[in-house]
Amino acid sequence: MKKSDRELGMGQDITRRDFIHDAGLAALGLSVPLGVTASGDSGSAGQYYPPTRTGLRGSHPGAFETAHGLALEGRSFATPRDLDEEYDLVVVGAGISGLAAAHYYRAKFGKNARILILENHDDFGGHAKRNEFHQGGQMRLSLGGTHNLEYWKFSSTVKAMMDDLGIDTDKMLRDKEFGYGRNGRNGPALWFDADTYGQDKLLTGCSLNETDSERMVACVDEFPVSQMARDQLKHFYTMRTNVLEGKSEEQARAFLEGTAYTDFLRRYGGLEDEAVHLFDNANHGGWGVESRSLSIAECIEVGLPGLHLLGKSSLAEEGQYPAAFFPDGNASLTRLQVHALIPAVAPGTNADNIAMAKFDYTRLDRPGAPVRLRLNSTVVNATNIDSGVAVTYINNGQSLRVKARHCVMACYHVIIPHLCPELPEAQKTAQKYQVKRPLLLTNVLIRSSDAMDKLGIAGVRCPGRMHGNMFMFKGINTGGYRHKFADTGPVPLAFWGSISPPQNVVDLKDQLRASRAKMLALTFEDYEREVRTVLKGLLGPAGFDVKRDVLAITVNRWPHGYSDDYLHLWTPEWPEGNAPHEIASRPFGNITMANADAGANAYTHVAIDEAYRAVQELV
Ligand SMILES: Cc1cc2nc3c(=O)[nH]c(=O)nc-3n(C[C@H](O)[C@H](O)[C@H](O)COP(=O)(O)OP(=O)(O)OC[C@H]3O[C@@H](n4cnc5c(N)ncnc54)[C@H](O)[C@@H]3O)c2cc1C
């Protein structure tokens, strides 16, 4: 039976609203509830400091309405007022790519180049945001978006930038104990919730990706599903066959890349709907889509079971993800980037203390500084003119225009046709092809990890809930920050995944749009109710009091999340050099195109490589 709001502690006074958490509260001289301080150690009272804001973050209220007005409603804006500011470069978007573009521009055109970076959010970093909580004199960091560095994929360009910023991924690996929730004393865990499965049930030492069939059978025996589904699952996990037998290499590839994983589970694994649905949201974090939208190859690549049906002995590939982490994800990378461009923002900062560095946001946009970063500014037009580019943006309801020699579009590609209506039609179509995948990362600061420790878990997979995964975010001791895995006390729980579209939506892009619409329509209370339901059902039996032990909630919505990297089932063959991202990222006069979208790949290093290319194209 659904828990009432009272049972879930929905009325509890937590630090959850936007804009009351830093300047607002402090300016009003109000105390902050539950001992969670607002900007805490990170800034003096009244300072503008977005990382401590809680409530709806990521794509926060106020960040996207102007762009949506332009793109979805064809809204026009007042004639812009020309500012008395001239730049060599205007960058649209202060994500990793936009910040990298500013870096490469200075390398190419000199340190005296005047650069303005315009960003529609109230904080810089794009997807790479940090959530900062303060509790009893301690700062606890968590991911607001982009997680980690896949250093083994870095190009020499990206490696050079990392070296410039002093980032040492070997050291980061040495200082990492975090294991995405799989490193609890009792191993990985599955949690079945009462709303979906009729009872709350935690199974420790169990994972849908289990590599040992005997252990898997013991787990499945405990699944609160029908006997028929249990039998099918046990048969699936124990069978050994090779459906590729007799197929040539080419045929095998066509099969693995051309068959939906869930069809494979049905047709060859003998599973029916009830059992298949256990896998629905298993790829929300990794791929940002439903499992039904992925091929066999894509699912097996990330460790879902199936190898044993392909002539291999193992059910799945076991492995820890070896990526390098800062304690706020790649927010530390963007903070280092900003510091390199605008040193006054945090004097004395380096890669060894970046996580703890105090950033003074009043320094970001100072007249006379060679690089200026302007937040809360949504670009609505960029037009080539004789002397360069005229860029119009909306800030605080005002339409303003600046001129520059060059402009790099480091924003989402899908908005560019609306900013540059004079682009060739083929380029606009190619840009609109890029529909990003919605992602959701909700951080809940809890009073202590006692209940998790008692259960011996560091995280769970939740096949029936909105967030498919939850993990404790601690055990990353880099950038001067220490939160050892063994530490007790307040800890952020990261609820991670996406939002499922309705089952009857078939086309991938329709699924992504439906998921995005749902994500934006849900209120903070909807997300709060969701995480409280999980916490009560999962941790309640171990002594967690959902009314007392939830200290703060930050919902990071990313309706435009991962760049589309051309999933097998949805991607036709394009003529050489004419894939949508290649057409989309062609230069247009004095305007060039960066962002991870330009590489059709949702990776930090791709965002940097594309920035480098975009700057080299400027003459
Ligand atoms: C939750 C999440 C987790 C991720 N995890 C990883 C990971 O672990 N590893 C990894 O490599 N990648 C990860 N990614 C992918 C991530 O997208 C890239 O790593 C990288 O951050 C992309 O940087 P970017 O600068 O290209 O784009 P973005 O970060 O999207 O930056 C573009 C910026 O432009 C702004 N903008 C858009 N339109 C306008 C406008 N009209 N005016 C002004 N500004 C505008 C946007 O708001 C945004 O701030 C993750 C993404 C998400 C959302």
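Modeller: A residue is called buried when its relative accessible area is under 20%, exposed when it is over 50%, and partly exposed in between. The model is predicted. By that definition, D564 and K509 are both buried.

Biologist: What do the side chains of D564 and K509 form, and at what N to O distance?

Modeller: D564 lies in the loop between β20 (550–562) and α20 (580–584), and K509 lies in helix α18 (residues 508–521). The pair links distant parts of the chain, 55 residues apart. The cut-off for a salt bridge is 4 Å between a side-chain nitrogen and a carboxyl oxygen. The two side chains meet in a salt bridge, with an N to O distance of 3.9 Å.

Biologist: How many salt bridges does the whole structure contain?

Modeller: One of them joins the side chains of D352 and K171, at 3.1 Å from N to O. D352 is in the loop between α14 (331–341) and β12 (371–374), whereas K171 is in helix α6 (residues 169–174), so this pair ties together parts that lie 181 residues apart in sequence. A search of the whole structure gives a total of 35.

Biologist: In the salt bridge of R548 and D549, which partner is buried?

Modeller: The side chains of these two residues meet at 2.7 Å, N to O. R548 has a relative accessibility of 44% and therefore counts as partly exposed.

Biologist: Which two cysteines form the disulfide, and what is the handedness of their link?

Modeller: The structure holds one disulfide. It joins C206 and C219, whose sulfur atoms are 2.0 Å apart. C206 is in the loop between β9 (201–204) and α8 (213–220), and C219 is in helix α8, 13 residues apart. With -95° about the S-S bond, the link of C206 and C219 is left-handed.

Biologist: Are C206 and C219 buried or exposed?

Modeller: C206 has a relative accessible area of 4%. For C219 the relative accessibility is 5%. Both values are under 20%, so C206 and C219 are buried.

Biologist: Why is C462 too far from the closest cysteine sulfur for a bond?

Modeller: A disulfide is a covalent bond between the sulfur atoms of two cysteines. The cut-off for such a pair is 2.5 Å. The closest cysteine sulfur to that of C462 belongs to C206, and the separation is too far for a bond because it is 14 Å.

Biologist: Which side chain makes a polar contact with that of S291?

Modeller: S291 is found in the loop between α12 (273–276) and α13 (296–301). With a relative accessible area of 0%, S291 is buried. Beyond its neighbours within four places in sequence, S291 is in contact with residues including Y261, F279, D280 and L304. The polar contact, at 2.9 Å, is made with the side chain of N283.

Technical notes
Residues numbered from 1 in each chain as written. Predicted model: local features only at pLDDT ≥ 70, side-chain atom pairs only at ≥ 80, totals over all residues. Heavy atoms only, no water. Helix = DSSP H or I, 4+ residues; strand = E, 2+ residues; numbered from the N terminus. Buried < 20%, exposed > 50% of the residue type's maximum accessible area, 1.4 Å probe, protein only. Polar contact = N/O pair within 3.5 Å; in protein donor to acceptor, adjacent residues only side chain to side chain. Contact = heavy atoms within 4.5 Å.
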